[in-house]
Amino acid sequence: VRALFTGPSGTGKTLAARMLAWRLGKDIYICNFAAIISKFIGDTAKHMAGLLDSAVASDVVLLIDEADALFGKRTDRDGGSTERYANMDTNFLLQRMDNYEGIVVLTTNLASAMDTAFRRRLDATISFNQPTPIDRQRILLAHLPQRHEISSTLLDEVALRCALSGGQIRNIVLHAALLADGRMIGERHLHRAVERAYREMGGVCPLPELAGVA
């Protein structure tokens, strides 16, 4: 089975692959690009072949993150030896994936950058979209502890105003917990954590000012 999960970062592609492996009662192997991609001719294909062989022998779910880096579009222009060898690597990987006898999940933020011949070989392509306000509220409540001091009004404001991914919401709750420092998470902690997330993105926090936030 060859499946492609596409969508922006933080929308749950890797988490879904882990859940798939758990539901199937299998371990999951995650492809480490640092150990796969090589500047030496033929080594990338050799490393990938070893990974696929190992995954089949171990009967695991193989997860290849950022698959567009391995299965990028081939070019038919004469761009020199670098492009020719890149095309050769892609051709080899396409053949190996055709004969792969296991479950492989590939993820990408750039589905359009992947080779069209490879995409035709996939059994399923599943899009992961940014969460809606209702989704954001559910994700927020799922990560918050049962006991907290955050009003439903502020929770609604975060869900409605903050166009965040699930991964970003998770990180915000973790940062709020760090700010609480063992105490119950309050509105001040959550508000500051959201502001920090927007600063890191280079944006302006859409939440209204909270009285007493330092």
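Contact here means heavy atoms within 4.5 Å. The model is predicted. Its chain holds 9 helices and 5 strands. Along the sequence these follow the pattern β-α-β-α-α-β-α-β-α-β-α-α-α-α.

The strands form an open sheet of 5, in the order 2-3-4-1-5, with parallel pairing. Strand 2 (28-30) and strand 5 (124-127) are the edge strands, and each pairs on one side only. From one strand to the next, the twist averages 20 degrees. Strand 2 pairs with strand 3 (residues 61-64) in the parallel sense, over 3 bridges. In this pairing, Tyr29 stands opposite Leu62 of strand 3. Helix 1 (residues 13-24) packs on the sheet. Helix 1 touches strand 1 (2-6), strand 2, strand 3 and strand 4 (103-108), and its direction makes about 165 degrees with that of strand 4. Helix 3 (residues 43-58) lies across strand 2 and strand 3. The angle between helix 3 and strand 3 is about 150 degrees.

Of the 214 residues of the chain, 38% count as buried. The chain exposes about 12300 Å², and carbon and sulfur atoms supply 51% of that area. Among contacts between residues at least 6 apart in sequence, 69% join residues at least 24 apart.

Arg2 is found in strand 1. Arg2 is buried but has no salt bridge. The nearest side chain of opposite charge, Asp123, is 4.1 Å away; the cut-off for a salt bridge is 4 Å between side-chain nitrogen and carboxyl oxygen. Leaving aside neighbours within four places in sequence, Arg2 is in contact with Met97, Asp98, Tyr100, Val104, Arg121, Leu122, Asp123 and Ala124.

A search of the whole structure finds 3 salt bridges. One joins the side chains of Asp59 and Lys26, at 2.8 Å from N to O. Asp59 lies in the loop between helix 3 and strand 3, and Lys26 in the loop between helix 1 and strand 2, so the pair ties together parts 33 residues apart in sequence. Asp59 is partly exposed, at 48% relative accessible area. Lys26 is also partly exposed, at 24%.

Glu157 forms a salt bridge with Arg161, the closest N and O atoms being 2.3 Å apart. Both residues lie in helix 7 (residues 152-161), 4 residues apart, about one turn of the helix. Glu157 is partly exposed, with a relative accessible area of 23%. For Arg161, also partly exposed, the value is 43%.

The side chains of Arg196 and Glu200 meet in a salt bridge of 3.2 Å, N to O. This pair is 4 residues apart in helix 9 (residues 187-201), about one helical turn. Arg196 is partly exposed, at 33%, whereas Glu200 is exposed, at 58%.

Terms used:
Residues numbered from 1 in each chain as written. Predicted model: local features only at pLDDT ≥ 70, side-chain atom pairs only at ≥ 80, totals over all residues. Heavy atoms only, no water. Pairing = 2+ DSSP bridges. Helix = DSSP H or I, 4+ residues; strand = E, 2+ residues; numbered from the N terminus. Axes fitted to C-alpha atoms, helices over the stretch in contact; angles between N-to-C directions. Buried < 20%, exposed > 50% of the residue type's maximum accessible area, 1.4 Å probe, protein only. Lys, Arg positive; Asp, Glu negative; His and termini not counted. Areas by Shrake-Rupley, 256 points an atom, 1.4 Å probe, with all protein chains shown as cover.
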